Amino acid sequence: MENSHYKTTTLILTKLAYPDNFTDANMSSSRTQTIRLLMFVGFFLVFSALTTTVYGGGGRNQTFRWNDEQLKIQRVRGLLKKINKPAVKTIQSSDGDIMDCVETHLQPAFDHHLLKGQKPLEPPERPKGHNHSESTSEVSQLWMDAGESCPDGTIPIRRTTEADVLRANSISAFARKIRRGVCRDTMSTGHEHAVAFVNGNQYYGAKASINVWEPSVTDPYEFSLSQLWVISGSFGNDLNTIEAGWQVSPVLYGDRHPRLFTYWTTDAYQTTGCYNLLCSGFVQINNKIAIGAAISPRSSYSGQQFDIGIMVWKDPRHGHWWLEFGYGFLVGYWPSFLFTHLQKHASMVQFGGEIVNSRSTGSHTLTQMGSGHFASEGFGKASYFRNLQVVDWDNSLIPMNNLHFMADHPNCYDIRAGKNNAWGNYFYYGGPGRNYRCP
């Protein structure tokens with residue numbers, strides 16, 4: 001079959017070259033050039049035909065797929081070149097992470113056109129009433145266990161790998177939350193929450209201590225997190241949020257460790273913002289804390305409990321939103337120009353847990369929230385938030401009035417509030433996901 005196709009093609013081309021007599025020996029020079037061109041085309045057609053015969057229609061598809069993969073890898077490497085900055089020192093973490101100590105002025109935030117050529121700001125005054133010695137337990141990060149740290153004038157940045165990017169559904173989806181990251185009502189499709197919130201006033205920050213656990217996340221494209229949200233705008237396309245806490249996210253980090261994270265958006269998670277330092281946005285100033293690094297140790301059921309302090313507040317002088325982690329570590333800030341509504345103040349503050357329920361098995365997910373146990377089990381068994389406060393117009397931390405509580409799927413994850421002198425406003429929250437009451 002291959003030989004007959006070759007002969008037929010050769011005959012057609014030869015006739016094209018000699019329309020009157022294809023055995024004529026006295027061809028002109030121009031005719032000779034034409035023949036050579038046609039024979040080259042013929043050879044190409046024969047080669048293509050043979051290739052099709054050998055590989056079938058799938059040969060071309062395989063070539064296209066190979067080209068698509070090559071293009072994708074090129075785009076991934078271009079993104080990595082943008083994210084991963086030159087390091088003056090590299091630290092290997094026991095969990096496999098690599099921490100690059102990057103000069104502060106070279107971090108991704110300073111790729112932003114409004115920050116180019118600038119240096120990080122000096123630390124602002126903390127809110128009045130702030131006490132950073134409230135910890136009941138010492139919490140650090142795994143990469144610090146070896147006793148190494150980044151030099152002054154640098155910050156630790158978790159190195160992003162090709163595998164990190166390729167785990168995402170697409171390059172554009174890498175380092176971004178899908179929409180519905182804020183609990184608006186009980187119809188937040190795919191995202192489920194157990195939260196406390198305040199609204200109806202002007203807020204300039206929030207603070208809480210958050211119990212750290214290692215919840216089971218059973219689907220690689222789901223996550224479980226515990227965080228605070230500082231929110232402004234409507235719940236349409238203009239939603240502004242600043243978020244910080246801990247999360248377990250296999251797709252983002254490639255493991256199931258609880259990690260310190262941050263997030264921001266100005267358009268309801270559509271095109272702006274990102275996790276951690278994975279785009280131009282958050283400006284880090286601290287050389288001892290790595291955003292995106294694993295937190296250690298973690299709480300254990302009926303055992304010792306560990307929590308972290310998170311505070312976000314708006315600096316009255318420059319208007320930027322600052323982050324404190326742990327009990328005294330000033331991490332950095334989100335420049336005010338990133339936002340629209342949050343340039344002024346927040347209109348809502350939320351605290352609590354969130355999971356993604358993909359229903360990949362056709363049933364509710366088994367992904368846990370918090371400790372994986374319901375709020376009714378209490379201290380040492382259920383996860384908690386304690387000492388909930390907001391920052392007012394006078395840059396003062398104050399307790400909250402009119403605190404609301406909501407669990408949008410209470411048979412799967414619930415919440416229970418309390419108040420006392422030691423913990424102020426607090427709540428227990430969480431759950432196991434699928435169970436006999438949550439099919």
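Buried means under 20% relative accessible area, exposed means over 50%, and partly exposed lies in between (1.4 Å probe, protein chains only). With that rule, E354 is buried, and so is K177.

This is a predicted model, in which local features need pLDDT of at least 70 and side-chain atom pairs count only at pLDDT 80 or more, while totals for chains, interfaces and linings use all residues. Residues are numbered from 1 along each chain as its sequence is written, and side-chain values use heavy atoms, with hydrogens and water left out.

## Salt bridges

A salt bridge is a side-chain nitrogen of Lys or Arg within 4 Å of a carboxyl oxygen of Asp or Glu. The search of the whole structure finds 16 salt bridges. Helices (H or I, at least four residues) and strands (E, at least two) are DSSP runs, numbered from the N terminus.

Take E354 and K177. Their side chains meet in a salt bridge, at 3.6 Å from N to O. E354 lies in strand β15 (residues 346-356), and K177 lies in the loop between α4 and β5 (191-203), so the pair ties together parts that are 177 residues apart in sequence.

Next come D97 and R158. Their side chains form a salt bridge at 3.2 Å, N to O. D97 sits in the loop between β1 (89-92) and β2 (98-103), while R158 is in strand β4 (residues 154-158), so this pair ties together parts 61 residues apart in sequence. Is D97 buried or exposed? D97 is buried, with a relative accessible area of 6%. R158 counts as buried too, at 12% relative accessibility.

R159 forms a salt bridge with D100, and the closest N and O atoms are 2.7 Å apart. R159 lies in the loop between β4 and α4 (162-166), and D100 lies in strand β2, so the pair ties together parts that are 59 residues apart in sequence. R159 counts as partly exposed, at 30% relative accessibility. D100 is buried, with a relative accessible area of 4%.

Elsewhere, salt bridges that share partners join D95, D97, R158, D164, R167, D255 and R259 into one network.

## Disulfides

A disulfide is a covalent bond between the sulfur atoms of two cysteines. Here the rule is a pair of cysteine sulfur atoms within 2.5 Å. By this rule the count comes to 3 disulfides. The table lists them.

| Pair | Sulfur atoms apart | Angle about the S-S bond | Hand |
|---|---|---|---|
| C101 and C150 | 2.1 Å | -80° | left-handed |
| C274 and C279 | 2.1 Å | -80° | left-handed |
| C412 and C438 | 1.9 Å | 90° | right-handed |

How are the bonded cysteines of the protein chain paired in sequence order? Numbered that way, the pairing is 1-2, 3-4, 5-6.

Look at the link of C101 and C150, which is left-handed. C101 lies in strand β2, and C150 lies in the loop between β3 (140-141) and β4, so the pair ties together parts that are 49 residues apart in sequence. C101 counts as buried, at 0% relative accessibility. C150 is buried as well, with a relative accessible area of 2%.

In the disulfide of C274 and C279, C274 counts as buried at 2% relative accessibility.

The link of C412 and C438 is right-handed. This pair links distant parts of the chain, 26 residues apart: C412 is in the loop between β18 (404-407) and β19 (414-420), and C438 is in the segment after β20 (424-430). C412 is buried, with a relative accessible area of 5%. C438 is buried, with a relative accessible area of 2%.

## An open sheet

Strands of a sheet pair through backbone hydrogen bonds, either parallel or antiparallel. Two strands count as paired if DSSP finds at least two bridges between them.

In what order do the 6 strands of the open sheet stand? The order is β9-β8-β7-β15-β5-β18, and the pairing is antiparallel. β9 (259-265) and β18 stand at the edges, each with a single partner strand, so one side of each is left without a neighbour in the sheet.

β5 and β18 run antiparallel and are joined by 4 bridges. A194 has A407 in β18 as its bridge partner.
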